[in-house]
Amino acid sequence: MATVTFDQATRVYPGAERPAVNKLDIEIADGEFLVLVGPSGCGKSTSLRMLAGLEDVNSGRILIGDRDVTDVPPKDRDIAMVFQNYALYPHMTVGDNMGFALKIAGVSKEERAERVREAARLLDLEDFLDRKPKALSGGQRQRVAMGRAIVRNPQVFLMDEPLSNLDAKLRVQTRTQIASLTRRLGVTTVYVTHDQVEAMTMGDRVAVLKDGLLQQIDSPRNLYDRPRNVFVAGFIGSPAMNLLELPVADDGVVFGGITYPVHRDILSAAGGSTVTLGVRPEDLKISDDGQGLQVHVDVVEELGADAYIYGHTTLDGKDYDMVVRVDGRRPPMKGDDVHVRPEQGHVHLFDTTNGLRLADTV
Amino acid sequence: MSEIPDAQWRDEPTDYDQTGKLPRLRATSTQSPTLGSLNITAAATDPELLDLPWDVALEFWPASALAALPRGISRHVVRFAHLGGSVIAVKETSEHVARHEYHMLRKLRRLDVPCVEPVAVISGRSSPEGEELDPVLVTRHLKFSLPYRALFSQTLRRDTLTRLIDAQALLLVRLHLIGFYWGDVSLSNTLFRRDAGAFAAYLVDAETGELYPELSVGQREYDLEIARVNIAGELMDLAEGGLIEEKVDPLATSELIMDSYRRLWSELTEKESFELGERWRVGARIRRLNDLGFDVEEYAIRAASDGTQIQLQPKVVDAGHHSRRLLRLTGLDAQQNQARRLLNDMDAYRVDNNPQLDEEFSAHLWVNEVFEPIVRAVPRDLSGKLEPAEVVHEVLEHRWYMSEREDRNVPMAEAVQSYIDDELRHRRDEAEIMLTADARTIGIDADSDYEST
């Protein structure tokens, strides 16, 4: 077990205009579960492959523990890529299926048996060790595959979209298992996904990347509550945060018919005459007095206790899609016009000129 | 199929990360339950595809829909079915994996890499009860191809194993040369075709693969490490099942791929330095590459700074040297070693019969007088045993041994008849290896099949 450090790590593909990963700085604590997330082409998989040794590092360093592994071949890095291959061999027992790679690595028979038993105990597979894989259920087979990585006692687990080829049911089940298992084992884990829900539910911390640049690395709670810029604000959360470009008044931000109060010092830090205001669907309330921003309801999605309104609004000639969470017992109807206002203290303000968060106290 | 209500044929250039953004049709009450929201991505329309029971989970497909081929080791449910005159492999997986693999296989085929042919991705499947079913990837089964388990189980000799691993190494080198990182190299993910006593390997599973402008050393080494571990695992499994000779050492055998790959890779790519006076070495290197079956399309020659040394590095090498020469001369399409064997015979024929004749013309005569008479001599009921080019190769071998044994020049017609009666008739059909009865005898019947999900 060990820490992992990306120190200004950069990868530039030959002929590319910009680096696929640009001066990445991340320090991952011993035993931490870190998720790399971002849209297609953001550099998350490239970062993982750099750590695995599958990509050259053009500048900067990568460390596992105190050891600089930047130029160390993949097989000597003491990492385990999970789910690279989990086809199970039909004639071998479950135990042999878990331990065969140790045999190849020259580990003694006694130690192999011990490590396999230990992994099987963790995975709840002890009773199956002498059986053939055919006797196992889908979920159990999945666990045997995890066992293969566990018995190797690696310093770091690397997982690149490991759930992408599972069906939806097994995906949710395996997600929970991976998260709890890696914590029980205390092995440092780096996990790549494009799915922000997966990222938020699994990670101790989540690193959001875009265009090869680290946007923010934080706990899931902080990413949600205090996104550092407009990109993170819009990427994290489902349904996504509403983001509107609004005019600045003396004592606040003009939100339709009302002014949302913001301290002058905060507003003066903004670079232009407008700011970008972000408000999550659950932080918008329908006003009974017709005050606030008018939203035309296009679709109502009823979920029982809650309902989501999907609508749109027009501000300064520009159309914005809006999502509002409302009480599921009294939702508006499709085609209605409603007025919404943000709850005080639940608004995020960003500088429109550079997308950066203006202040935390609004 | 007279009506195809709402199935859509389309070819979307989707890539790995674009899942979830694909247009999908919604089922409405006017649509048939089977084809309600079926979404088919295919390069060519095979209308018979729609006759298959897509509203049933693969696991429960009726025997009538299946072709009884052995199912290898796979983490997915895989079944073989008849489609028109050919056999298809159907694999249930997630939509983005299916699409990724479909497009990857198409790219690989365009790059002339030996791999299976992708037929379609079918998503939006649901049962008559409305239960959602996994999307499938459909590929065409490679005729005359053999899964390694069939080869090993038949009459496994140690040198068969070596040839198989050499073929796998050559495939890996070819993939790496074009920038393909496989990520899951194994014998299970490869199919083999006979190639004049050796084997030609074909990539079957591109699920984990990605194409890059160029591979790093780390990527190549890791692929090789995966190959070594997987091959050792696969052989240990066969040993456990009593399917290979005891003298085969899985670990030592799996090491062979490292040597075979490295030797080939350095011959194909390494820089070579020599004295100015040894210029013949340029030609020698190219001939060596030709012998290995590669053409050199571009190479760099640089004089070292003091002007006494020359550096040579092949830059673009292209597999298929012998196959291309055979195709150019005769129009025959054959594997690399088959082509080399046939070309040798063709060259000998020219020397013996008409050394003055133009190469193309002599090749034409050889096809008419040697190749075709042999192929035509094979009775129709035996034509599924081996590919024509392999039959000709075996007849030529047979004739040579026969002549040596009998110490006379055995006429071709006599050799052909003897080959058909003594050899070919006793072989199993390999066109679509292998039907259930046959499979059972070698221990890969349905019972010992294994799939995980």
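Guide: The account below takes chain B as its part, and then turns to chain A for context. The model is predicted, and every value given here is computed from it.

Chain B is divided into four domains: domain 1 covers 39–141, domain 2 covers 146–269, domain 3 covers 272–317 and domain 4 covers 320–438. Taken over C-alpha atoms, the centres of domain 1 and domain 3 of chain B are separated by 46 Å.

A sheet comes next. In chain B, three strands in the order S7-S9-S10 make up an open sheet with antiparallel pairing. Strand S7 (145–147) and strand S10 (198–203) of chain B are its edge strands, each of them pairing on one side only. From one strand to the next, the twist averages 40 degrees. In general terms, the strands of a sheet pair through backbone hydrogen bonds, in either a parallel or an antiparallel manner. Between S7(B) and strand S9 (residues 190–195) of chain B, which run antiparallel, there are three bridges. Leu146(B) has Phe192(B) in S9(B) as its bridge partner.

Helix H7 of chain B, residues 321–330, may be described through its buried residues. These are His321(B), His322(B), Ser323(B), Leu326(B) and Leu329(B). The elements covering the buried residues of H7(B) include helix H6 (280–291), strand S13 (294–303), helix H8 (336–353) and helix H9 (359–377) of chain B. After H7(B) comes Gly331(B), with a positive phi near 80 degrees.

Positive phi values also occur in chain B at residues other than glycine. Asp112(B) has a phi near 70 degrees, and its place is the loop between helix H1 (95–110) and strand S5 (117–123) of chain B. Asp112(B) counts as exposed because it has 12 C-beta neighbours inside 10 Å, and a residue is exposed at 12 or fewer. Asp407(B), likewise not a glycine, has a positive phi of about 55 degrees. The loop that holds Asp407(B) runs between helix H10 (388–406) and helix H11 (412–422) of chain B. Asp407(B) is exposed, since 6 other C-beta atoms lie within 10 Å.

Chain A supplies the context. Its division is into domain 1 (4–230) and domain 2 (240–351), and 39 Å separate the centres of these two domains of chain A, taken over C-alpha atoms. Ser238(A) and Pro239(A) are joined by a cis peptide bond with omega about 0 degrees. Pro239(A) belongs to the loop between helix H8 (230–235) and strand S11 (242–249) of chain A.

Helix H4 (residues 138–150) and helix H5 (residues 168–185) of chain A pack at an angle of about 30 degrees, and their axes are 11 Å apart. The crossing of H4(A) past H5(A) is right-handed. On the side of H4(A), the contact is made by Gly138(A), Gly139(A), Gln142(A), Met146(A) and Ile150(A); H5(A) contributes Leu170(A), Gln173(A), Thr174(A), Leu181(A) and Leu185(A). Sorted by class, this contact of H4(A) with H5(A) has five nonpolar residues, five polar residues and no charged ones.

Terms used
Residues are numbered from 1 along each chain as its sequence is written. Chains are lettered from A and ligands numbered from 1 in the order in which they are written. This is a predicted model: local features need pLDDT of at least 70, side-chain atom pairs count only at pLDDT 80 or more; totals for chains, interfaces and linings use all residues. Domain bounds come from an automatic or database domain assignment. Two strands pair if DSSP finds at least two bridges between them. Helices (H or I, at least four residues) and strands (E, at least two) are DSSP runs, numbered from the N terminus. Axes are lines fitted to C-alpha atoms, for helices over the stretch in contact, and angles run from 0 to 180 degrees between N-to-C directions. A residue is buried if 20 or more other C-beta atoms lie within 10 Å of its own, exposed if 12 or fewer, and partly exposed in between; C-beta atoms are placed from the backbone. Two residues are in contact if their C-beta atoms, placed from the backbone, lie within 7 Å. A crossing is left-handed if the near helix is turned anticlockwise from the far one by less than a right angle, and right-handed if clockwise. Ala, Val, Leu, Ile, Met, Phe, Trp, Tyr, Cys and Pro count as nonpolar, Asp, Glu, Lys and Arg as charged, and the others, Gly among them, as polar.
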